[in-house]
Amino acid sequence: MSHQRHFSDAAVKEPHSVSLKVLRLTRPSLVSQYPLSPPLSSPTTTTSSLPPSPLPASLSYSSTPSSQTTNPHPFLLSPILALPPSFGSAHVGTTFSCTLCANHDIPPPIDGGPPLSVKTIRDVKIEAEMKTPSSPTLIPLLPPPPSSSSATNQEQTNTTGVDLTPGSTLQKIVKFDLREEGAHTLAVQVSYYEATETSGRTRTFKKLYQFVCKGLLVVRTKTSALGLGKGGRRRWVLEAQVENAAAAAGGQGEEGGGGGEVVYMEEIGLELERGLTARDVNFWGRGKNKEKVVLRPGEGEEVVFIVEEEEPWDGREEGEGRKVFGTLQIGWRGEMGARGFLATGRLGTRFLRPREQGGVKA
Amino acid sequence: MDQAQPDDGKGHRRTRSAVKATRPRSSTKGPLDMADPLAPPPPTTQPSSSSSSSSSTTTPAAAPLSPNPQLIPHQLTPRMHPPLTPRATSPLPRSPALSPAPGTTRRPPPATTAPGPRPKDFSFLLRPEIFHPLTPLSIPPAFRNSAKQPPPETPLPELLEKGHFRAAAISAVQTLTGTGHATQPDPSDHVRIFELLYTRWACLTLINSTDLAAQEVKALGDLNSAFYLAEDAASGRTNHLVPWALRVLNVRLQAIGFGDLRRAVMSYYELAREARVKLAEAMGEHDNSSRELWRERLEDLGVRVAGALVEMGDVKGAGEHLRGLKIGDSGKMEMMRALLWLRLGDVDAARGCVMKGEGRGVTRGEKVVLALCDMADGEYEQAVGKWRELGEEEGGDEMVTVNLAVCLLYVGKMQEGRALLEGMVDTGRSSHTLLFNLTTMYELCTERARSLKVKLSEKVAAMEETNDGWEKTNADFKL
């Protein structure tokens with residue numbers, strides 16, 4: 001992670017017997033391969049024989065008789081997965097996930113001397129909290145707060161602590177929904193009981209991991225009134241522009257084209273107030289004959305809804321001078337299906353009278 | 001629809017505001033600065049007056065890549081096959097039968113060469129300044145100091161057979177530049193020269209040095225240049241002197257070298273156009289083996305275009321492109337499409353690729369896709385079950401084992417995953433992905449991961465040398 005600070009107990013100079021390592025768990029990625037014809041056997045243009053099968057070393061994994069059928073060479077993408085190589089970028093609307101590993105490290109012997117006496121490590125606990133830009137206090141992630149019901153049973157063990165044999169690891173996974181832009185800090189505290197043959201003590205240390213969460217999608221909306229619809233119902237047009245505001249990958253120009261945050265729009269829908277219906281008049285979306293909407297960095301897409309009242313208009317305008325429609329909800333997927341979700345604030349319109357025009361058709 | 005409706009047809013346009021550079025980057029610093037990489041035939045060659053200058057910037061052909069026998073191009077495009085003087089191209093190395101060109105409008109070659117007809121001179125590809133030195137420092141000591149390091153006089157085929165790709169890349173250059181044990185090829189022996197160049201650049205891509213290869217390959221200039229064409233005396237056909245595999249590899253390397261991936265798409269299309277011509281010829285002559293060869297090459301190019309589009313970030317475009325391809329192996333096509341949609345994040349579409357119709361989702365490939373889909377949905381526990389099942393069906397499948405191990409890390413069972421990967425290494429597997437994932441786990445398991453990584457590199461260095469590639473780089477072990 002971008003920034004890391006290490007706090008050790010000031011009183012204890014001795015290095016800790018337990019180390020903490022973290023890895024942000026973005027989705028694993030499909031490994032690219034560049035299949036090659038084997039050198040020195042490549043036929044010249046005039047030789048009439050089938051192209052040789054690709055050089056094994058140029059494929060992303062070695063073939064067993066059956067895995068030949070799973071590797072789609074000479075295709076770029078292959079089904080083997082690689083763990084995330086780096087932290088990546090964090091975006092509002094996505095879930096931050098991270099694995100925390102507390103390890104009982106065995107100290108290396110000093111210059112070929114006898115191995116150091118290994119300490120007994122008991123009752124290892126990992127606690128994790130998240131500091132967001134707006135929250136005054138840290139939000140507990142691990143152990144999960146009592147309110148988050150489902151995970152409690154599984155995580156029960158965490159409150160009791162675990163004994164670690166030398167070289168073993170206590171692994172935990174934390175998740176946090178990112179809702180705000182700005183600096184976040186993941187604070188992780190490890191505590192354990194360290195016992196030698198003669199004595200024992202409880203030790204703790206804390207590590208802070210900072211990262212910046214950025215907005216990914218920018219939504220702009222506009223409403224306008226339509227003429228009265230069928231049965232004298234009021235209707236409006238709600239237009240929304242959704243833009244992928246991610247920066248193009250690291251200024252590498254064309255080469256980095258595949259590296260930016262590409263967004264696949266899974267759905268854009270309206271969550272309406274009571275008494276309203278909406279019609280999606282877009283050509284894209286899910287389902288047959290609908291076009292996939294993919295936004296690369298800097299690209300945008302416009303969506304349009306017709307919002308209509310369920311009851312005929314009685315000629316009265318809203319007292320507050322505003323008709324509230326509801327919220328626009330956007331669900332998207334990133335590379336390898338990483339989910340993102342955003343909802344706008346409550347959208348509405350100040351155009352309360354139907355548009356004046358001749359010849360409204362039913 | 002209502003007339004009062006907004007112009008929703010317009011509402012669906014896409015705003016592409018990013019300004020994109022259209023000009024390929026100029027050449028980089030280094031020894032190559034001397035030569036203009038875009039100049040088709042280097043100065044030492046005999047420029048053909050009829051050569052149609054640099055043609056690599058023309059627009060790609062609109063012809064689809066699928067081998068459709070109905071759509072046979074009528075004629076060879078004059079741009080690709082300029083009316084060259086007849087020349088014999090013997091595929092045999094150092095053939096004395098290389099017939100001289102009956103000099104039509106050729107300018108006399110530079111002063112050093114004797115006037116008069118002579119075979120094409122490829123000495124510009126033998127210059128030492130083209131090639132970069134390879135540092136052994138990127139190799140872990142376990143490999144660098146291994147007794148398995150081949151002696152310098154080891155013949156090239158043996159180096160390749162044993163997976164000594166760095167040594168092979170060096171050996172190929174030593175031969176080309178006449179500094180090694182093998183004799184330097186004659187400047188007119190294009191078969192041998194291109195074979196060595198292909199070996200060099202293919203090996204560089206295998207040892208994590210693709211960037212170097214991308215710089216070196218600029219020495220070829222424009223492979224569409226008429227200089228690289230020759231007419232076969234017997235059949236009267238125009239043939240390209242550069243082997244197909246090198247031309248295909250050159251597309252990707254030049255695109256990287258010039259920092260313009262769109263160039264790759266265009267160049268693949270140019271190769272495809274030629275493949276279609278050859279396919280048509282083969283069909284006309286009822287030459288079945290030649291027909292199969294060109295059909296496969298065409299298919300191969302089509303798939304490579306999809307890959308190039310993915311690398312450009314246009315996954316959706318790649319999907320549309322794949323839809324237009326005819327691939328004989330339907331299981332492979334299914335896998336390609338599913339992987340594309342997974343990459344894009346459209347998990348439903350990926351599932352749809354293998355679950356449409358009855359009795360689907362049963363082949364090994366289909367099950368692999370379904371397990372990947374679970375992971376894309378974040379359902380790692382479910383995916384673990386599927387990977388385990390696949391692993392039990394057939395043990396020793398590297399991809400399945402690696403993916404199971406990765407998945408186990410996401411459900412908090414990294415120790416088990418690590419043991420699985422170590423087991424894979426013990427059975428002699430050493431793909432980049434396997435080593436990368438295992439060393440990533442080592443980094444999570446301890447503050448002192450370095451010693452584990454070094455031990456792993458020693459273990460891999462002790463493995464048998466196969467053409468899977470024996471020597472690894474520091475990057476493979478994150479050292």
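In chain A of this predicted model, A:P143 sits in the loop that joins strand β8 (139-142) to helix α1 (156-160). Most peptide bonds are trans, and most residues other than glycine have a negative phi.

Positive phi values in residues other than glycine occur at A:D123 and at B:H286. For A:D123, phi is near 55 degrees, and the residue belongs to strand β7 of chain A, which covers residues 120-131. A:D123 has 15 other C-beta atoms within 10 Å and is therefore classed as partly exposed, since the partly exposed class lies between the limits of 12 or fewer for exposed and 20 or more for buried. For B:H286, phi is also near 55 degrees. B:H286 is located in a loop of chain B, between α7 (262-284) and α8 (288-311). Because B:H286 has 8 C-beta neighbours inside 10 Å, this residue counts as exposed.

Helix α16 of chain B runs over residues 432-445 and contains 14 residues. The distance from its first C-alpha to its last is 20 Å, close to the 20 Å expected at 1.5 Å a residue. The helix is mostly covered, with 12 of its 14 residues buried. Among the buried positions of α16(B) are the leucines B:L434, B:L435, B:L438 and B:L444. The buried set also includes B:T433, B:T439 and B:T440, together with B:H432, B:N437, B:M441, B:Y442 and B:C445.

Chain A is divided into two domains, each written as two segments. Domain 1 comprises 3-26 and 86-214, whereas domain 2 comprises 217-250 and 259-349. In the contact between them, 6 residues of domain 1 of chain A meet 6 residues of domain 2 of chain A. On the domain 1 side, the residues that touch domain 2 of chain A comprise 6 polar residues, with no nonpolar and no charged residues.

Notes
Residues are numbered from 1 along each chain as its sequence is written. Chains are lettered from A and ligands numbered from 1 in the order in which they are written. This is a predicted model: local features need pLDDT of at least 70, side-chain atom pairs count only at pLDDT 80 or more; totals for chains, interfaces and linings use all residues. Helices (H or I, at least four residues) and strands (E, at least two) are DSSP runs, numbered from the N terminus. The expected span of a helix is 1.5 Å times one less than its number of residues. Domain bounds come from an automatic or database domain assignment. Two residues are in contact if their C-beta atoms, placed from the backbone, lie within 7 Å. Ala, Val, Leu, Ile, Met, Phe, Trp, Tyr, Cys and Pro count as nonpolar, Asp, Glu, Lys and Arg as charged, and the others, Gly among them, as polar.
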